Amino acid sequence: MKMYPNFLCALTLFLIASFGMLHAQNTNANPEYGIKGGFNMSNLYSSDANDENILYGFNAGLYATLPVSDFIAIQPEILFTTKGAKLEFNNALASGDSKFRLNYIEVPLLVRVNITRNFNVHAGGYASYLVSSKVTGRGDFNFEQEIDTDDLNKFDAGLSAGVGVDFDPISIGLRYNYGLTTIGKERTVAGTTYTFPDAKNSNLSLYLSYKLN
């Protein structure tokens, strides 16, 4: 899960360049529409994304694949997706874990390149809107607390890149989202300005999609 934005930027630029070279070609490909869903491994990062404090969740929604040529397509999606992080603790005072859950409506917009008939790479960006959030604890202390979304940054955006394998009408894929927006809001208390939580989303998704047309 440890990926860096330079790789995502390079892959995105490569796909955009490929799109520019191939957009004038005739295409025999047809648009596709379908449903998709999968498994998320999420965490939060402040400097470098890593595979610590992973919170497991899910994603589900709709997608469309709009061909530009036989090799290039634009793929918009709309998803419900869960993100956040999990913290485990074990000390002299208490043991257990706490989970910080963020639920988003997410809209990825991707450029998809079909390397072969059954294998593709895709990259682009996403924008998300926070619909709910809560903190739960399990162990020596059990609790569940809803968080007012007005206390957090409701909008998130970032870079996306992934690969997919097609077995018409079913496809499977792996995608990484690198958040660029801090999830917390900036506040000033007693003359001191701070951001809490001062972290960004990082999310790896394994998904399954089904073509409806």
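Ala, Val, Leu, Ile, Met, Phe, Trp, Tyr, Cys and Pro count as nonpolar, Asp, Glu, Lys and Arg as charged, and the others, Gly among them, as polar. With those classes in hand, welcome to the close-up views. This is a predicted model, in which local features need pLDDT of at least 70 and side-chain atom pairs count only at pLDDT 80 or more, while totals for chains, interfaces and linings use all residues. Residues are numbered from 1 along each chain as its sequence is written, and side-chain values use heavy atoms, with hydrogens and water left out.

**View 1. The largest pocket.** Here is an open space of about 600 Å³. A pocket is an open set of points on a 1 Å grid over the protein atoms alone, with protein on both sides within 12 Å along at least five of seven lines; a cavity is a set where a 1.4 Å probe fits but cannot get out, and lining residues have an atom within 4 Å of a point. Grid points are joined across faces, edges and corners, and a volume is the space filled by probe spheres set on the points. Of the 24 lining residues, A29, E32, R112, N114 and R117 are the closest to the centre of the largest pocket. By class, this lining holds seven nonpolar, ten polar and seven charged residues. Strand 2 (55–67) contributes the most to it, three residues. Strands (E, at least two residues) and helices (H or I, at least four) are DSSP runs, numbered from the N terminus.

**View 2. The second largest pocket.** This pocket has a volume of about 180 Å³. Its lining is made of L44, N53, A85, K86, L87, S98, K99, F100 and V135. Strand 3 and strand 4 each provide at least two of the lining residues. Five of the lining residues are nonpolar, two are polar and two are charged.

**View 3. The largest cavity.** The whole structure holds two cavities of 30 Å³ or more, and the largest has a volume of about 130 Å³.

View 4. Strand 11 supplies the largest share of the lining, three residues. Two of the lining residues are nonpolar, six polar and three charged.

**View 5. A hairpin of strands 7 and 8.** Two residues form the link in the hairpin from strand 7 to strand 8. These strands pair in the antiparallel sense over ten bridges; two strands pair if DSSP finds at least two bridges between them. Opposite L159 stands Y178, in strand 8.

**View 6. The largest nonpolar core.** Nine residues make up this core: L44, A85, F100, L102, Y104, L130, L152, I183 and A199. A nonpolar core is a set of buried Ala, Val, Leu, Ile, Met, Phe, Trp, Tyr and Cys residues joined through side-chain atoms within 4.5 Å, where buried means under 20% relative accessible area (1.4 Å probe, protein chains only), exposed over 50% and partly exposed in between. Strand 4 gives the most to this core, three residues. Leaving aside residues up to four places away in sequence, I183 touches, among others, L44, F100, P197 and K200; contact means heavy atoms within 4.5 Å. A second, separate core of five residues includes V68, I72, V111 and V121.
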